[in-house]
Amino acid sequence: MADLKFGNTTPLAGNIKVGSDDVSRIYQGTTKVWPSSISGYYTAVFCSNPNALARPFSASKGLDANGNEVDLTEIFPNGTVVEVTTTGTIKTCVTITGFVENATPGSSKIYTPTMNDFSDCTDCLPNRSYRAVFCGTDQVVYVSGYYAFSNRQPIYIDAGEYQVDDVLLARSDAQSIGVCVQITAVGQNNDSTLFFDDDGGTYPVSLCNQCINE
C-alpha cells in the first residue's frame, strides 16, 4: 500500500481538510494512499494494576467519540495510556508496553482503543505538566503534558509541544467549555486537571484576545 507524505511526514487524521470538513481517505486510482493501515497489535498492562497483563488490542482499528470504527494512523509509544473496550461501553485504562508488528493477537476478544475520553485515565499518568494562568487573572492551573485535544479530538503530544507564553484553549474533557490560558512554565511535575485544545490550529482566536493583547 502506498503512503502519502508531505516532506517526510505522514499527516494524522484530522489534519487534511477541504474547507472546514475533514478528509477521511485519499486514493490514487483505486489504491488507498491515506490513511495507511497499521498491521499489528499492542501489549499492555492494566493502569490500576501494572503487574497484571491486559488483553492485546488492535493497532489498526479504534473507535471515535461516537463509537464508530475508524482507522488508526499512528503507532503509540510505550507508556502511552489509552482507554480500551471489548463492548463499546465498558472501558478500561491500560498502559501500552509493546507493539508487535505484522501479527494479530491470539485472543478472540481484542481490546480496541477508544481514544475519546482519556481524561478518565489521568490517575494512570506520571506527572508531566505545563503551568499556566487563566487569561485576565493570576489563577494558576496545571495542564497535561501528555495529551491534548485537536478540535476536541484526543491526541498524544510530545514533551515540549508548547512553549512559555503560548496562548491556548484548555478544557477538562472533550465536552467541557474551553477556557483561555497562557503558559508560564514548562516541564512541571504537578497533577494536571486540564488539557490543551488547539481548536484545529485556528489560533489566535477572539476568545483569547485578552491574553494575546496583554
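Which residue in the hairpin of S12 and S13 takes a positive phi? Select Gly136: this residue has a positive phi near 80 degrees, in a hairpin with 5 residues between the strands. The structure is a predicted model, in which local features need pLDDT of at least 70 and side-chain atom pairs count only at pLDDT 80 or more, while totals for chains, interfaces and linings use all residues. Residues are numbered from 1 along each chain as its sequence is written, and side-chain values use heavy atoms, with hydrogens and water left out.

**The hairpin strands**

Next, display S12 (129-134) and S13 (140-144). Strands here are DSSP runs (E, at least two residues), numbered from the N terminus. S12 and S13 run antiparallel and are joined by 5 bridges; two strands pair if DSSP finds at least two bridges between them. One place to look is Val133, whose bridge partner in S13 is Val140.

**Ser144**

Move along S13 to Ser144, which lies in that strand. At 2% relative accessibility, Ser144 counts as buried (buried means under 20% relative accessible area, exposed over 50%, partly exposed in between, with a 1.4 Å probe and protein chains only). Its side chain has a polar atom 3.1 Å from the backbone nitrogen of Tyr146, and the side chain of Ser144 also reaches the backbone nitrogen of Tyr147 at 3.2 Å. Beyond residues up to four places away in sequence, Ser144 touches residues including Arg128, Tyr130, Ser192 and Phe196; contact means heavy atoms within 4.5 Å.

**The largest nonpolar core**

Now select Val141, Val143, Tyr162, Val181, Leu194 and Phe196, the residues with the most contacts inside the largest nonpolar core, which has 14 residues. Such a core is a set of buried Ala, Val, Leu, Ile, Met, Phe, Trp, Tyr and Cys residues joined through side-chain atoms within 4.5 Å. Two or more residues each come from S12, S13, S16 (167-171) and S17 (179-188), and S12 gives the most, with 3 residues. A second, separate core of 11 residues includes Ala59, Phe76, Val94 and Tyr111. In soluble globular proteins, nonpolar side chains tend to be buried together.

How many aromatic pairs does the structure hold? There are 6. Rings of Phe, Tyr and Trp (its six-membered ring) pair if their centres lie within 6.5 Å; planes under 30 degrees apart count as stacked, over 60 as edge-to-face and the rest as tilted.

Select Tyr130 and Phe196, an edge-to-face pair at 5.4 Å centre to centre, with 65 degrees between the planes. Tyr130 lies in strand S12 and Phe196 in strand S18, so this pair ties together parts that are 66 residues apart in sequence. Tyr130 is buried at 3% relative accessibility, and Phe196 is buried at 0%.

Tyr162 lies in the loop between strand S15 (153-156) and S16, so its pair with Phe196 in S18 ties together parts that are 34 residues apart in sequence. Leaving aside residues up to four places away in sequence, Tyr162 also touches Tyr130, Ala148 and Leu168, among others.

Elsewhere, Tyr42, Phe57 and Phe99 form one aromatic cluster.

**Asn190**

Finish at Asn190, in the loop between S17 and strand S18 (195-197). Is Asn190 buried or partly exposed? At 29% relative accessibility, Asn190 counts as partly exposed.

Conventions. Helix = DSSP H or I, 4+ residues; strand = E, 2+ residues; numbered from the N terminus. Polar contact = N/O pair within 3.5 Å; in protein donor to acceptor, adjacent residues only side chain to side chain.
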